Amino acid sequence: MYRFYVDSDYIYDNTIRISGSDYNHISNVLRMTVGDRIIVNNKEGVDYYCVIDGITSDEVLVSVEYRKDSDAELDSRLYLFQALPKLDKMELIIQKAVELGVHEVIPVITKRCVVKLDNGSRQNRKLARWQSIAEAAAKQSARGIIPVVKEPMSYKDALKYAGNLDMNLIPYEQAKGMDEARRIMEEAVSKESVGIFIGPEGGFEEDEVNDAIAAGCKVISLGNRILRTETAGMTVLSILMFNISK
């Protein structure tokens, strides 16, 4: 069944109202009619299995047949702190991170970042674009929530934000010992919230890694190969997702 997301304000007992772009998609693109069934998610982990009751000039009315908690969400909340990469790599990173179960994506400005975002309309457009990619990926992968893409943070602010999490990981090419990395990852899957810090194309500077260690981050190795920034985060998320999934 097709899946749509609405805010809880549009859910009234056993009736849900769908408007905006989803209304257009249901009525004009998919050409669905009364009696067709869809899934509506409240963006908070609950799926509503519904039947279309009516289609007006600006909204779709559906009745709820039954509801259940989404089984697509991980027991742990994963936070990807991604240093801003070049070109459009961030779009790919967000898409795949959402598919793999990330809870939030936090763009981070580190010393070796080439891309610089201003605080004006250009950044707002970029954030809106990133969030729309997260929503599309959530729909495609049947997520129970739409992960949030936060506004870009400085590295200092990102470490402070991560301080509220149960555990934080930072892959670093200078780290040694896969046995230690495996031990840390095994510990991470038991935590309720885990942050993952990924550097830009040029990697983290040594003092940035030291700052992360001082803030309580665990340094891990991902093996003897140097991974691209768009690969490193997906590697860690994949390992965690596989071991957290029931």
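Mentor: Start with helix H7, residues 229–244: at 1.5 Å a residue its 16 residues should span 22 Å, and the end C-alpha atoms are 23 Å apart, which agrees. The expected span is 1.5 Å times one less than the number of residues. Helices (H or I, at least four residues) and strands (E, at least two) are DSSP runs numbered from the N terminus.

Trainee: Before going on, what kind of model is this?

Mentor: It is a predicted model, where local features need pLDDT of at least 70 and side-chain atom pairs count only at pLDDT 80 or more, while totals for chains, interfaces and linings use all residues. Residues are numbered from 1 along each chain as its sequence is written, and side-chain values use heavy atoms, with hydrogens and water left out.

Trainee: Which residues of H7 are buried?

Mentor: Among them are Met 234, Val 236, Leu 237, Leu 240 and Ile 244. Buried means under 20% relative accessible area, exposed over 50%, and partly exposed in between (1.4 Å probe, protein chains only).

Trainee: And what do they pack against?

Mentor: The buried residues of H7 pack against S7, helix H2 (89–99), strand S11 (167–171), helix H5 (178–188) and strand S12 (193–198). Contact here means heavy atoms within 4.5 Å.

Trainee: New topic. How many aromatic pairs are there?

Mentor: A search of the whole structure finds five. In one of them, the ring centres of Tyr 49 and Tyr 66 are 4.6 Å apart and the planes are at 5 degrees, so the pair is stacked. Rings of Phe, Tyr and Trp (its six-membered ring) pair if their centres lie within 6.5 Å; planes under 30 degrees apart count as stacked, over 60 as edge-to-face and the rest as tilted.

Trainee: Where do those two tyrosines sit?

Mentor: Tyr 49 is in strand S5 (residues 46–55) and Tyr 66 in strand S6 (residues 60–69), 17 residues apart. Tyr 49 is buried at 12% relative accessibility, whereas Tyr 66 is partly exposed at 44%.

Trainee: What about an edge-to-face pair?

Mentor: Phe 81 and Tyr 161 make one, at 6.2 Å centre to centre and 65 degrees between the planes. Phe 81 lies in strand S7 (residues 77–83) and Tyr 161 in helix H4 (residues 155–162), so the pair ties together parts that are 80 residues apart in sequence. Phe 81 is buried at 1% relative accessibility, and Tyr 161 is partly exposed at 25%.

Trainee: How many disulfides?

Mentor: Zero, from a search of the whole structure. A disulfide is a pair of cysteine sulfur atoms within 2.5 Å. For Cys 113, the nearest cysteine sulfur, that of Cys 217, is 16 Å away. Cys 113 is buried, with a relative accessible area of 6%.

Trainee: Back to S6. Is Ser 63 buried or exposed?

Mentor: Ser 63, which is found in strand S6, is buried, with a relative accessible area of 19%. Its side chain makes a polar contact with the side chain of Asp 53 at 3.2 Å. A polar contact is a pair of N or O atoms within 3.5 Å; within protein, one must be able to donate a hydrogen and the other to accept it, and residues adjacent in sequence count only if both atoms are side-chain atoms.

Trainee: How many bridges join S3 to S6?

Mentor: Four, and the strands run antiparallel. Two strands pair if DSSP finds at least two bridges between them.
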